[in-house]
Amino acid sequence: MAKVPPEEEHPVKAFGWAARDQSGHLSPFNFSRRETGDEDVRFKVLYCGICHSDLHSIKNDWGFSFYPLVPGHEIVGEVTEVGSKVNKVKVGDKVGVGCMVGACHSCESCKNDLENYCPKMILTYNSIYHDGTFNYGGYSDTMVANERYIVHFPENMPLDAGAPLLCAGITVYSPLKYFGLAQPGKHIGVVGLGGLGHVAVKFAKAFGAKVTVISTSPTKKDEALEHLGADFFLVSRDPDQIQAAMNTMDGIIDTVSAVHPILPLLGLLKSHGTLVMVGAPDKPLELPVFPLISGRKMVAGSAIGGMKETQEMIDFAAKHGITADIEVVSMDYVNTAMERLAKNDVRYRFVIDIGNTLAATKP
């Protein structure tokens with residue numbers, strides 16, 4: 001049987017930018033979205049953040065990319081249509097979709113509002129939906145999702161600077177809460193001052209914690225202390241600075257996705273402290289066991305959060321004025337943005353202005 005072309009797969013016409021192969025080059029792409037089902041919410045996409053995962057996916061760095069691939073899982077916009085059973089949002093509301101659009105809804109994780117840990121969790125793009133069709137992400141003009149995966153944006157949350165919270169925000173908020181670090185007086189280390197790290201500092205401060213930024217780059221000191229409001233700054237390559245801070249931290253959120261030594265980080269933890277990995281290095285790290293034993297320390301991982309917690313995070317961010325620091329770019333700049341992202345040349349998140357610049361790129 002001949003494969004149905006993407007623009008004929010579903011009844012609703014859609015337009016976006018897609019990568020066609022692992023060169024990762026993005027270009028205009030016509031496709032289609034499903035009709036709005038009884039429990040679905042459709043929205044006009046206004047902004048979409050560029051996450052490091054998008055870059056890995058378009059280049060097939062992880063080995064499971066399908067093409068054509070429309071990336072984007074920090075998607076925000078305005079509701080244009082809701083299904084007959086939807087009661088969470090209405091037409092005209094500002095909403096977002098993050099990293100996932102489906103799960104089994106019957107396993108233990110799903111019953112505990114942890115769809116992100118469901119074995120059948122469906123990613124927003126580069127995945128197959130329940131109906132067997134391919135999922136396309138947010139570098140596009142329209143989006144549709146089951147209402148369970150729709151996040152409502154409060155009026156005072158800007159859509160452009162709020163978009164990256166749907167991935168970067170929840171990725172750091174969830175472990176801070178789960179590992180008991182979201183409390184006044186805790187001392188939290190944040191490793192890496194990029195898209196995840198700069199948001200981690202903001203959330204930790206809003207929880208009332210004392211925050212130390214740990215970076216290989218001494219040039220980020222002023223940025224960390226003056227602009228983001230961290231309390232201390234440690235250069236991870238300076239043994240004297242590391243020595244002086246030994247056994248002082250309750251927990252560390254490690255956002256670095258490059259291979260790096262974790263022995264110095266374990267030394268910074270107090271006894272019973274936790275090092276939480278949220279960056280994803282592509283090769284295994286070396287795990288020294290003695291420091292774990294001698295201080296009953298933990299090395300843990302964490303992936304985004306469930307939908308209930310994601311909504312809680314957006315509401316908390318709106319209440320405390322937390323947004324990502326962004327550089328807004330036009331749709332036709334996306335390939336340059338990807339090149340710059342690969343060199344970490346962004347403070348701290350690119351966001352594509354889909355609403356104002358996508359239509360002009362139609363062939």
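Modeller: Phe-29, Phe-31, Phe-66, Phe-134 and Tyr-136 are joined by ring pairs into a cluster. Rings of Phe, Tyr and Trp (its six-membered ring) pair if their centres lie within 6.5 Å; planes under 30 degrees apart are stacked, those over 60 are edge-to-face, and the rest are tilted. The model is predicted, so to speak of local features requires pLDDT of at least 70 and side-chain atom pairs count only at pLDDT 80 or more, while totals for chains, interfaces and linings use all residues. Residues are numbered from 1 along each chain as its sequence is written, and side-chain values use heavy atoms, with hydrogens and water left out.

By this ring rule, the count is 12 aromatic pairs. One of them joins Phe-66 and Phe-134 edge-to-face, at 5.7 Å centre to centre and with 75° between the planes. This pair links distant parts of the chain, 68 residues apart: Phe-66 lies in the loop between α1 (52–58) and β4 (75–82), and Phe-134 in the loop between β7 (122–123) and β8 (142–146). Helices (H or I, at least four residues) and strands (E, at least two) are DSSP runs, numbered from the N terminus.

Phe-134 also pairs with Tyr-136; the centres are 5.3 Å apart and the planes stand at 80°, so this pair too is edge-to-face. Buried means under 20% relative accessible area, exposed over 50%, and partly exposed in between (1.4 Å probe, protein chains only). Phe-134 counts as buried because its relative accessibility is 15%, and Tyr-136 is likewise buried. Phe-66, at 46%, counts as partly exposed.
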